[in-house]
Amino acid sequence: MHPLTSYGRKLAGLLGAGYRSIAMSGAVASRNKQNAGGDGGYDWVLQNVRRPARPNAPYHPRSQVVIPDFGWNDIALLGVNDTRPLHEALRAIVSRYRSVAVMEETDPSVTLGGGWAVSAIALGSGTGFAGASAAGDLTIAVPSSYDGRPIALGWITNPTLAQAQAQIRVDGQVHSTVTIDHAQMASTGALLNGAVTRLTDLAPGAHTVVVRWISGSLYFDYWALEARDDEGPIVLLPMQARLASYAVYAGYTFPMNDAAVAVLHDDIEDVASEFGETVVAVDLEAAMHPSGTPTSDPFLADQVHPNEEGHARIAKALYGALIPILSRDRVLGTPDPGPYFNPVWPAGATSKDCKFQNGWTNLGGGFNDAGYRMHPNGEVELRGVVTAGSTANAVMFTLPAGYRPQRAEVRPGIGNNVLARIDIGVDGTVRAQAGGSTAYTILDGIRFPSIAA
């Protein structure tokens, strides 16, 4: 069905929101694009749903409703007795969508010791992973600004490997033991999969989290900070309705039938219940089969995919699932985008080091000082009135990583009562290319999408 008639677009219309469709091929759990080719798989989500590497607060949840589309092909390829890969992949996908910051294995917050080493092979998130097959500690430094939100440890699983174990230690004390059942957690046919270990009981403040190798081969992929339950995005997991005929799946590895659909629903509900009130399993049976019996499929175009009316009915069911969440005064993102960070950040700052350059400084006199901040939707906002640069088009200051655009952005500003062109480069540089003035240049109100938007 053309995206113009998709239930995602129709739901966006009901919400009065923007809409973006991201195609993901057939199977979620049982396809890893680096192994099997194509554009699908859990790792496609980890590669394309980007979050800034920002372990320090403030954290900026996304103002989104996310609907991963999956299910039929997964269960037909895995079978009802082997749904663990689907379950683990869904957990990894939901965790990534719910994350506000992701730190890869090469992030400064991660230290490798003993048998741990980085492998520059992109199998999941980022450009590689940290592996261990011998004794050693992988240490994560959680900063003092940490506010107690869930922490996720991402893993890569491989069906050709034996079981592996690691001990999780927090601040010198044993927290838990992680068992990676590679053969059960990954798909057959040497197709890798993702998994997450979630730490949901840490108090606010600094922590030292140690992943200590016990046995087997461990592939550590990343660590992430997830949104709290009262933050966005909201993730809706559709539970597909039964079909009148499953003939289209006759050529698949395992038979599809009503019993297989019920098993799929159980897995989806288990994943949703783990993540709290902002991750919701939505049963589409009543929407697609109001009579209660799928003896015919008037809302399907080809026995499987919804027709236009089917898309509309699914959109209404998803909208109905959103209403209880939104009615509890829960917003999709933090309404206050947080404080402005000033380019004259104190000497020695690192995480938000953004100092004036080339003689630029604040005009003062009651006008806004220069600064930047990120909104819940990933947009960065600039403010301030600056003056006295060495030349009108010299770089004013450089935004830190995480606050930079994916492509060079051009915005209007004012330079000494004249319209100015303000350029924000992918390297974070902010300058007035035309119309800027060393007398004063106004940055107030400039907004642009960051690479994390």
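**Exercise 1. Count the salt bridges in this predicted model, then work out which parts of the chain the Arg212 pair ties together.**

Solution. Step 1: the count for this predicted model comes to 15 salt bridges.

Step 1: look up the partner. Arginine 212 bridges to aspartate 137, with the closest N and O atoms 2.9 Å apart.

Step 2: Arginine 212 sits in strand β11 (residues 207–215) and aspartate 137 in strand β6 (residues 137–142), so the pair ties together parts that are 75 residues apart in sequence.

Step 3: check accessibility. Buried means under 20% relative accessible area and exposed over 50%, with partly exposed in between. Arginine 212 comes out at 32%, so it is partly exposed. Aspartate 137, at 23%, is therefore partly exposed too.

**Exercise 2. Take the salt bridge between Arg242 and Glu285 and decide for each end: buried or partly exposed?**

Solution. Step 1: the two side chains meet at 2.8 Å, N to O.

Step 1: this pair links distant parts of the chain, with arginine 242 in the loop between β13 and α7 and glutamate 285 in helix α8 (residues 285–288), 43 residues apart.

Step 2: Arginine 242 has 24% relative accessibility, so it is partly exposed. Glutamate 285 has 16%, so it is buried.

**Exercise 3. Find what glutamate 409 pairs with, through its side chain and as a bridge partner in β21.**

Solution. Step 1: the side chain of glutamate 409 forms a salt bridge with arginine 411, the closest N and O atoms being 3.0 Å apart. Glutamate 409 is buried at 16%, while arginine 411 is partly exposed at 22%.

Step 1: now the strands. β20 (residues 409–415) and β21 (residues 418–424) pair in the antiparallel sense over 7 bridges, and the bridge partner of glutamate 409 in β21 is isoleucine 424.

Step 2: zoom out. Both strands belong to an open antiparallel sheet of 7 strands, ordered β15-β18-β23-β20-β21-β22-β19. Its edges are β15 (361–362) and β19 (397–398), each pairing on one side only.

**Exercise 4. Where is asparagine 257, and what does its side chain reach?**

Solution. Step 1: asparagine 257 is in the loop between β13 (234–239) and α7 (258–275).

Step 1: a polar atom of the asparagine 257 side chain lies 2.9 Å from the backbone nitrogen of alanine 260.

Step 2: with a relative accessible area of 31%, asparagine 257 is partly exposed.

Notes. Residues are numbered from 1 along each chain as its sequence is written. This is a predicted model: local features need pLDDT of at least 70, side-chain atom pairs count only at pLDDT 80 or more; totals for chains, interfaces and linings use all residues. Side-chain values use heavy atoms; hydrogens and water are left out. Two strands pair if DSSP finds at least two bridges between them. Helices (H or I, at least four residues) and strands (E, at least two) are DSSP runs, numbered from the N terminus. Buried means under 20% relative accessible area, exposed over 50%, partly exposed in between (1.4 Å probe, protein chains only). A polar contact is a pair of N or O atoms within 3.5 Å; within protein, one must be able to donate a hydrogen and the other to accept it, and residues adjacent in sequence count only if both atoms are side-chain atoms. A salt bridge is a side-chain nitrogen of Lys or Arg within 4 Å of a carboxyl oxygen of Asp or Glu.
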